[in-house]
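Please read the following note alongside the sequence and the structure. It is arranged as numbered points.

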Amino acid sequence: MTAAPSSRRSPARPKRESIHQMARGLILTTQARATTSSFTTRISLSKPKCKKLLPYRLHLPSRVSSTRFFCCKCSVSQDPIVITEYKQSFSQRMAMAGLKPHHRIAIGVSGGPDSMALCVLTAGWKTDGANAVGKSDDGFINGVLGIIVDHGLREESNEEAQIVSSRVTEMGIRCEIAKCSWLNGRPKQGHLLEEAREMRYEVFQNVCTKHQIEVLLIAHHADDQAELFILRLSRNSGVLGLAGMAFTSQMFSKSTHLYGEGSKNKGILIVRPLLDFSKEVMYKVCQESGQDWVEDPTNQSTVYARNRIRMSLGNLSSYTFQSEVQGVISACRRTRAYVDQICNNLINQAVTIIDHGYAIIDLEILNPSKVTDICLSKFVALTLQYVSQRNKPIRGSTSKLLLHYIRTVPCKTSFTAAGCYLCPAPRSRGTKILVCCSVNCPQNSKIELICPRINGEQKQNFPTELEQFIADGKSYSNHFVPDASDVHFFRCI
């Protein structure tokens, strides 16, 4: 995979242990908890230092609160060679997801430098090159929609959304502003970010479904991955969790069952094409393309753990440190890719999805005693997430109980976990496990892609565009799955 170009800073080495050694100790030794606490303390106690904002501001009407900065274009020398390299790297990542310029896609737009850079790169990908698409009669690029979510939590949010919409529209991207409806009242402060995020994805899905769009681009980037890595490290996450966000994931409908052949809503493919781009690249793309963006000072608030991590990572910023963090994340991602490949093979061989979403796990084919704990845990989690269509991970004691349950052959008892009910399949004498949704299971689904058998047969034809995206993306990514000799963490688990 070609790495996205980035501007390197002075390679000053901080006086501390290698992040590789640190992470290896955290993940692979019995002293993980103590080491994690030590490292997290150093991170959280660092004096927060806000990133320097560019000294350009758009003068807004006085009624607009000054709680947000609208940064203007910067007078910088444009480098067409660099922006071309970014566009080429972006096109490669879109191809990895199985996407082509003629496909219909949506973009989640907040107005920040990340999402504005994503709009710039997407517009270029759509309109440049041999496979470029044209524009409609009203001047918009065909097959792309920007979705701006107005959370409605501040008086000025609607006007800000209108400003962001006008900027994206100027790029030739059609926009839709979707306002959130908080039926249970405003989220409490401690849960504000989490509930706002859940609401945002729900709105994204509703808009995509309305416009029959099956692909949503999200502007998560490498710095977001680093923040998530530290956050999960502080919570003693395992190697699979430390791998961070997936390049692609699938979000299913919350209101319709999606298994029957008559179902039309097959969900949405979420693609994060900027995961290998740094935050600096986001700023550079905006600057060199002359685009404005929004800086939200709430991102500097120390109330939220992720913000404290972001500020502390800024204090520790150096090319060496950043490259070491990304190196550990890459090692974790290689391990997850290898585990996912094993799990996909196990699912295709041992899991049958029947109509209405019931799953049958054939324990004789699976042979749980021959599968390592990490692979078996992921196998069970993927199967249960597919059936329940919930995104909530399976952790701790529940994961251990499920491992014990799945390893008990023949199966003789029933078990409820992760929104699913498991029991011996009828007339199987305990050699097969039936998995179905438990009663009143709340469906909130965004899970990594799996491809189980349907009614005992592996699907060979992909009648919908979404399934073709998934098939093409998997075909591409399979070439990059490492073998066991290149998965260091897996060998030590």
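This is a predicted model: local features need pLDDT of at least 70, side-chain atom pairs count only at pLDDT 80 or more; totals for chains, interfaces and linings use all residues.

1. Residues are numbered from 1 along each chain as its sequence is written, and side-chain values use heavy atoms, with hydrogens and water left out.

2. Strand β3 (residues 144–150) pairs with strand β4 (residues 174–179) in the parallel sense, over six bridges. Helices (H or I, at least four residues) and strands (E, at least two) are DSSP runs, numbered from the N terminus; two strands pair if DSSP finds at least two bridges between them. Asp150 stands opposite Lys179 in β4.

3. Thr169 belongs to helix α5. Its relative accessibility is 30%, so Thr169 counts as partly exposed; buried means under 20% relative accessible area, exposed over 50%, and partly exposed in between (1.4 Å probe, protein chains only). Leaving aside residues up to four places away in sequence, Thr169 touches Phe140 and Cys175, where contact means heavy atoms within 4.5 Å.

4. Does the length of helix α6 (residues 192–210) agree or disagree with what its 19 residues should span? The expected span is 1.5 Å times one less than the number of residues. For α6 this gives 27 Å, and the end C-alpha atoms are 27 Å apart, which agrees. Among the buried residues of α6 are Leu192, Met199, Phe204 and Val207. Just after α6, Gln212 takes a positive phi of about 55 degrees.

5. How many disulfides does a search of the whole structure find? The search finds zero, a disulfide being a pair of cysteine sulfur atoms within 2.5 Å. The sulfur of Cys119 is 6.7 Å from the closest cysteine sulfur, in Cys175, which is too far for a bond. For Cys286 the closest cysteine sulfur is in Cys119, at 9.0 Å, also too far for a bond. Cys119 is buried, at 0% relative accessible area, and Cys286 is buried at 0% as well.

6. The largest nonpolar core has 49 residues, and Leu366 and Phe379 are among those with the most contacts inside it. A nonpolar core is a set of buried Ala, Val, Leu, Ile, Met, Phe, Trp, Tyr and Cys residues joined through side-chain atoms within 4.5 Å. Apart from this core lies another, of 44 residues, including Ile107 and Ile148.
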